[in-house]
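Here is a short report on a structure with more than one part to look at. Take a look at the model, then read on.

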Amino acid sequence: MTVFRRLLLLICIAGLCALVQALIIGRVDLSIEVDEWGVELNEINSWESILWVDARSRDAYEEMHHDGATHLSEDDWDTGLVDLLMEWDMDVPIIVYCDGLHCANSREIASRLRTEIGETRIYWLIGGWEVLKEVPTP
Amino acid sequence: MKKFKWLTICALSIFFMAAGGLKLLEPVEFAQAILGYQLIEGNLAWAGALMVPWMEVVAAIGLLAGRWRAAACWLLLGMLCFFEVILLSALYRGLDIDCGCLGTNASSSVSFALMRNILLIAILLFVLKINSAKSE
């Protein structure tokens with residue numbers, strides 16, 4: 001048997017195993033789990049003022065970010081936190097966003113901020129930058 | 001040399017067995033990681049989340065079986081090259097995501113995964129070379 005035939009056979013075996021697993025598992029829900037801290041863009045339209053926190057990579061932030069957003073990521077937490085605290089008016093809620101619907105950074109950063117600052121009005125944006133970039137900036 | 005060859009093959013096999021096995025334990029989480037790349041939607045991501053780990057496991061077993069080694073190497077090489085393209089596209093788009101390569105419990109960045117895959121490609125090419133030398 002040639003290498004090519006064996007290669008095709010390996011793919012078929014893998015496909016068969018995957019099919020059996022799919023039949024065993026059945027239907028799955030790939031939608032993300034939204035906890036109490038997740039907010040939709042239309043929910044926050046009425047909020048007067050928001051401090052936006054960009055939890056994407058530094059490069060992505062520097063290329064483009066939401067108007068007035070400050071950068072904060074796990075990689076440069078200390079510097080980012082100082083910048084954030086300097087920007088933050090304590091009456092203003094904080095919303096963290098990352099790349100899109102399936103990134104976890106915004107949830108993690110929002111959770112860490114709630115623990116470290118002790119402020120409860122720190123949320124993460126469902127849909128992240130993917131939905132926020134469509135919003136026209138003033 | 002024979003000992004070194006076997007050690008290399010066993011290490012590769014264990015690595016891909018673990019990579020596939022870890023993802024098979026958490027298929028939904030792996031599908032979420034695939035969706036994080038923002039390239040494909042739900043059903044396709046779910047199909048990939050089931051197919052990719054099994055291909056890794058099957059290829060890992062194939063590496064240990066003499067006659068199947070070359071086919072397993074080519075399968076893994078194809079997969080790794082495909083992953084490199086996807087990882088490069090994520091890097092190009094500035095996505096700050098976990099690569100999902102070893103399941104959700106062993107997180108690694110996209111840039112680290114890119115470098116690791118290059119190393120794996122080099123090792124697979126080496127195995128392919130000594131395997132073809134032996135068959136000649």
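The model is predicted.

**The sheet of chain A**

Chain A holds an open sheet of 5 strands. Their order is S1-S5-S4-S2-S3, and the pairing is parallel. At the edges lie S1(A) and S3(A), each of which pairs on one side only. S1(A) pairs with S5(A) over 2 bridges, in the parallel sense. Here Gly38(A) stands opposite Trp124(A).

| Strand of chain A | Residues |
|---|---|
| S1(A) | 38-39 |
| S2(A) | 51-54 |
| S3(A) | 70-71 |
| S4(A) | 94-97 |
| S5(A) | 122-125 |

Helix H4 of chain A, residues 105-117, lies across S2(A), S4(A) and S5(A). The helix runs at about 175° to S5(A).

**The domains of chain A**

Chain A is divided into domain 1, residues 1-30, and domain 2, residues 38-132. The C-alpha centres of these domains lie 41 Å apart.

**Where chain B touches chain A**

How many residues does the contact take from each chain? Chain B gives 27 residues and chain A gives 26 residues. On the side of chain B that touches chain A, helices H2 (27-35), H3 (42-64) and H4 (69-92) of chain B each supply at least two residues. H3(B) gives the most, with 10 residues. By type, this side of chain B divides into 20 nonpolar, 6 polar and 1 charged.

Methods:
Residues are numbered from 1 along each chain as its sequence is written. Chains are lettered from A and ligands numbered from 1 in the order in which they are written. This is a predicted model: local features need pLDDT of at least 70, side-chain atom pairs count only at pLDDT 80 or more; totals for chains, interfaces and linings use all residues. Two residues are in contact if their C-beta atoms, placed from the backbone, lie within 7 Å. Helices (H or I, at least four residues) and strands (E, at least two) are DSSP runs, numbered from the N terminus. Ala, Val, Leu, Ile, Met, Phe, Trp, Tyr, Cys and Pro count as nonpolar, Asp, Glu, Lys and Arg as charged, and the others, Gly among them, as polar. Two strands pair if DSSP finds at least two bridges between them. Axes are lines fitted to C-alpha atoms, for helices over the stretch in contact, and angles run from 0 to 180 degrees between N-to-C directions. Domain bounds come from an automatic or database domain assignment.
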